[in-house]
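This report covers backbone geometry in loops.

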Amino acid sequence: MQIAKSWRQQPSNLRLEGTRCTRCDRLEFPAVIRCSACGCTEFEICQLSGKGEVVVATTVFEAARDFGEHVPYSAAIVKLAEGIHLAAMITDVEPRDVYVGMKVEMVTRRIAAQGDKGPILYAYKFAPLLMP
Amino acid sequence: MTTGIEIIGVGLTKSAEKWEMGLLDIAIRAAGKALEDAQSESPDAVVVANAFGGALGDQQNLALHLASGLGCCPVETYCVACDDASGGAAVRLACALISSGMHQTVLVVGAEKTSDALPDMLETVRASGLDAGREASFGFSPTIAGALGMQQYLNVYGLDKALFFHIAKVAHEHGATNRNAIFRWPLDEAQYLKSPIVATPLSVCDTAPPCDGAAAVILRKSKNGSGHIRILGGANVSRKRGIVHPITELTLPAATESAAMALKEAGCDVADMSLLELHDSNAFLAALSIEAVGLAKPGEALHRAADGDFSKDGKAPLWTFGGHKSRGLAPGASGLYQVVEAVLNLRGDAQRNQVPSATKALVQCLGSFGAQAVTHILG
Ligand SMILES: [Zn+2]
C-alpha cells in the first residue's frame, strides 16, 4: 500500500463516503466516477451511516502478508443500513463471540502495516454497536 | 464459434514443488510434450496462461520467452492473465484465433510457479485477483472468502461441516491413482476432521494446495476423419465482481451461464457428460460449481457427493485426476490441466484414471472468486 494510494482512499476508508447517481439514484460504495447502472458521470457524495449487522463471519488463523499481526481475527460480511455489503474485520470483541445478525458500527482502526518501515493503513473495521 | 476445432496434442508436468525448475522451464517442458504428442510442425501462434508470474517477480510476457525458448520464432504470441480462469480463457482466445482464420495451429500453454514465494506472500498475490481496493487491502483472500462462503452455506442449509468431507474425498480418491498429482492418497474422515483450521470453518483439507505446474494443448481447425478430440462448445462469462454475491446468495451466475452457453453450442445437456472437471480451488467454490452447472440442486452438492454421484463409476464423474484439491493448484495453468486430463480420458489414455467409455466432457475454471467462468465442452 503506497502512501498515495492510502491518501486517495481516505474518503472511503475513513469516512465511508460513497456516491449517489444524480440520474438513476443508485448508491455505490466506494465512490465511482461512472455509474455502473446508467453511465451517468455526475454524483452527490453520500456518507454512509456506518451502522449495520453481521451477515456471516469467520475467525482467521492464517492471514495474508501484512495482516499477520491481527491473527486470530474476525472477518465478516457486514450489511449496512443502506443495503450495501462490505467485507470488513470485526473488532473490540472476541472472534468467537461474533454472531450472525450482530449489530455493529464503523470504527477507525489500524488495518495493516508494510513491514517495520512501511506506511500504516488506517481504515474502517466494525465493532459491536455501543448505543443502539 | 469454437466448433470445428480439434486438439491434436497435449502435455503436462507433474504438479509439485519444483525447486530445480523455473517458471519458463516448466512451461517449456509441458509445451515440448504437447508438440511431441501432436507430432506437428511449429505453431503459428502461442498463447500463454499465467496468472501471477509478474506479481511474484518472475518472468513477464511469458509467451514471448516461451516461444523463444522453444525455438518456434518468428511467431505471434499472447499472454492471458485472468486469475484462476487464465487457462480456460487462453484456450478460448486460441479458438478465436483459429476460427477467425488468422492462424492454423495454435499452442496454448498454462504455467505457474508458486513455490518460490512464501505462503503469506502467495496468499497476498492470489488476493489481488479479488477487488484490490475493498477486499484484498482489507485482508480478504480467496481462502478467507471461501471460509465465509462455507459458513454461510452451512448456516443457510442447516448442514454439518463434516459433510464437506465428501468433496475432498472424491478428489483424493481420484488423485490417488494419478502419478502427476501432488497428493496421492485417499483421504479418510478422521484425517479430514483433524485438519488444521485456516479460517473457521475451512481447514487445510478444504483448500487446494498451491503448486508449480504447466499443461499445454495444440489446437487446429478440425480435419474430417482425423479422429482427434474436438472442442464442441465454449463460453467465457464475466459478471459483477466481488466476493459478496457468492457468499450471500450462494450462487455463481457466471458459472451457470457459461456452462449453459457452452452446452447449448455443443448441442448437449449436462446429463450427457461422461465426466466433468470443475474449479475446486476451495470446497465452497467446488460445491457452488456443482450446483451451478446443474449436477445438484441448491444446497444438495454435498449430499450428491456423499451418495457417490461424482466417483469414477458414479452418475457424473468429477475431478477424474484428483482436481485441484489432490492433483494440485497451479493457478494460471489450472484450466489447461483440466483440458488435458479430459482429453486423456476421452482418448481412452487415462490409464488408472479412465472413466469407462467416456465420450463427452465439461471443463470449467473460475477467476476472481467465481465472477468469471470459462467452460469448454470436449468430445
Ligand atoms: Zn446511474
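B:Q351 sits in the loop of chain B that runs between α13 (334-347) and β10 (361-367). Helices (H or I, at least four residues) and strands (E, at least two) are DSSP runs, numbered from the N terminus. This is a predicted model, in which local features need pLDDT of at least 70, side-chain atom pairs count only at pLDDT 80 or more, and totals for chains, interfaces and linings use all residues. Residues are numbered from 1 along each chain as its sequence is written, chains are lettered from A and ligands numbered from 1 in the order in which they are written, and side-chain values use heavy atoms, with hydrogens and water left out.

**Positive phi in chain B**

B:Q351 is not a glycine, yet its phi is positive. B:S357 also lies in the loop between α13 and β10 of chain B, and B:S357 likewise has a positive phi without being a glycine. Both residues are exposed; exposed means over 50% relative accessible area (1.4 Å probe, protein chains only).

| Residue | Phi | Relative accessible area |
|---|---|---|
| B:Q351 | near 50° | 63% |
| B:S357 | about 40° | 69% |

**Cis peptide bonds in chain A**

A:F29 and A:P30 are joined by a cis peptide bond, with omega about 0°. A:P30 belongs to the loop between β2 (27-28) and β3 (43-47) of chain A. Another cis peptide bond links A:V71 to A:P72, with omega about -10°. A:P72 is located in the loop between β4 (51-60) and β5 (73-80) of chain A.

Methods
Buried < 20%, exposed > 50% of the residue type's maximum accessible area, 1.4 Å probe, protein only.
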